[in-house]
Amino acid sequence: MLGLMNAAAFLPSPIAAFLADWIGHHLGRRYPVWIGSVLTLAGGLINATSRNMGQYIAGRAFMGFGTSMTLTVGPTLCQEIAHPRYRAQVGSLYTCIYYIAAICSAFICFGTRFIDSEYSWRIPCYFQILGPIAALLMTFNMPESPRWLWKKGKIAEATRILGKYHANGDENDPLVQLECEEIKQALEDEEANSQTRYMDYFKTPGNRRRLFVVCIIAVGTNWVGNGIISYYLTPILASVGITETIKASGINIGLQFWNLGLSVWAALSVDSLGRRPLWLLSTIGMMLSFCIVMALSAEFAKTGSSAIGTATIPFLFGNTADGITQIFFGFYEYPVEILPFNLRTKGQAIFIAVQTAAVALNTFANPVALAALEWRYYGVYIGILAVLSVIIYFYFPETKNMTIDVEEISIIFDTGRTGNAQAATARLRRAAQTNANAEVRSIREDYGGKNDSDANTPIESLPN
């Protein structure tokens, strides 16, 4: 029942994700965010007022449906509006906000443990409605995606939004003109290749690589053991001798503060350290942490030593540290970056559907497997992490410092299995050369993701 209760929030997500893609394509990027927030708000109220387990699970399902709609389109909208200079950080910080809510949740749940009535669990449920209310209030006047507007023929409005948010209202700013040119060129290329349907993911090698990476991220960031610590911290601590509620709650609060700081650091480091190093560092780090946790847990099972149980705690922090570094710098940012406009929300819908299906299965199976296998269950995740590290090394291209526009980054998957940033940049330069003036080309040199010495390189000599 515990597994079903936790998994209920993820079960309706595949349907919600594809519905959000359809709404986002036909009505605009903003509507799935608003509709999803309203449904999440309704689910929170059903949760808080539930009279039986069935109603409580239904509330969880409503919240999951609404949250999945928002997550399908929200990351895309953020990156399509963000200024190029801060796009990577904005995209990465998107999910860091989760830990602000997690800290509040940890304190609220800690405080309500001392209430000797049903309000000990109803009060935290009521607090769940604050998030969607805040989302609705903060987004009611947000701009539409310039790329969506351009796609629908509303070019003047798209240019106005880019000018307002990227150039202090100057629609003739060279950066704005460059972004318009790249959006136009990217949409023309996609139309020429008929990239408008889900089946288009199977038509070209580049799209097949995109689909493979999106699915790997969706499954990999949830089947690496982080779900055990997130949802089943109490039984994990009990397995190493920490059974007091006060101690378990204190460790949980400490984990949330730790995770918030680490996720923000990872988000701000995406362009200085790069995506691939962070992926590999975190995945290998999690694998090593699980090896140590597994060994200590096995020894505790034999000896019952409280010292060994206590020694496990720092490595639980280390495991979440590596996991959060992996997840929160690119959990939603990387899939958006690598997808072309016409396939972007479709890719996010696939990502959310695969991710939530994986989470639901993982969340349902974890308590059963943990109870049956105990410390041996960690070995499953050690094996998954080892395979994932190899896949990341061979199939995840680097996209750091390609900040001029998300359309430029999406082309990198069309330049080979491991990607070629110079070739992707050069392809867009050649495409815009016939339409752009010398000033625009100069701006492109500055923002093209190459080093300063390349700024004076003639366009004709750039790599193919």
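## Charges over rings

In this predicted model, Arg276 sits over the face of Tyr393, 5.4 Å from the ring centre. Lys346 lies over the face of Tyr198, at 5.6 Å from the ring centre.

## Aromatic pairs

The whole structure holds 11 aromatic pairs. One of them joins Phe110 and Phe114: the ring centres are 5.6 Å apart and the planes stand at 85 degrees, so the pair is edge-to-face. Phe110 is partly exposed, with a relative accessible area of 25%. Phe114 counts as exposed, at 57% relative accessibility.

Trp279 and Phe396 also pair. Their ring centres are 5.6 Å apart and their planes are at 80 degrees, so this pair is edge-to-face. Trp279 belongs to helix α17 (residues 275–303), while Phe396 is in the loop between α21 (378–395) and α22 (406–410), so the contact ties together parts 117 residues apart in sequence. Trp279 is buried at 2% relative accessible area. Phe396 is buried too, with a relative accessibility of 2%.

One aromatic cluster is formed by Phe290, Tyr377, Tyr378 and Tyr381.

## Cavities

A search of the whole structure gives 2 cavities of 30 Å³ or more. The largest share comes from α20, with 3 residues.

By class, the lining of the largest cavity has 3 charged, 3 polar and 2 nonpolar residues.

How values were computed: Residues are numbered from 1 along each chain as its sequence is written. This is a predicted model: local features need pLDDT of at least 70, side-chain atom pairs count only at pLDDT 80 or more; totals for chains, interfaces and linings use all residues. Side-chain values use heavy atoms; hydrogens and water are left out. On a 1 Å grid over the protein atoms alone, a cavity is a set of points where a 1.4 Å probe fits but cannot get out, and a pocket is an open set with protein on both sides within 12 Å along at least five of seven lines; lining residues have an atom within 4 Å of a point. Grid points are joined across faces, edges and corners, and a volume is the space filled by probe spheres set on the points. Helices (H or I, at least four residues) and strands (E, at least two) are DSSP runs, numbered from the N terminus. Ala, Val, Leu, Ile, Met, Phe, Trp, Tyr, Cys and Pro count as nonpolar, Asp, Glu, Lys and Arg as charged, and the others, Gly among them, as polar. Rings of Phe, Tyr and Trp (its six-membered ring) pair if their centres lie within 6.5 Å; planes under 30 degrees apart count as stacked, over 60 as edge-to-face and the rest as tilted. Buried means under 20% relative accessible area, exposed over 50%, partly exposed in between (1.4 Å probe, protein chains only). A charge sits over a ring if NZ of Lys or CZ of Arg is within 6 Å of the ring centre and within 35 degrees of the ring normal.
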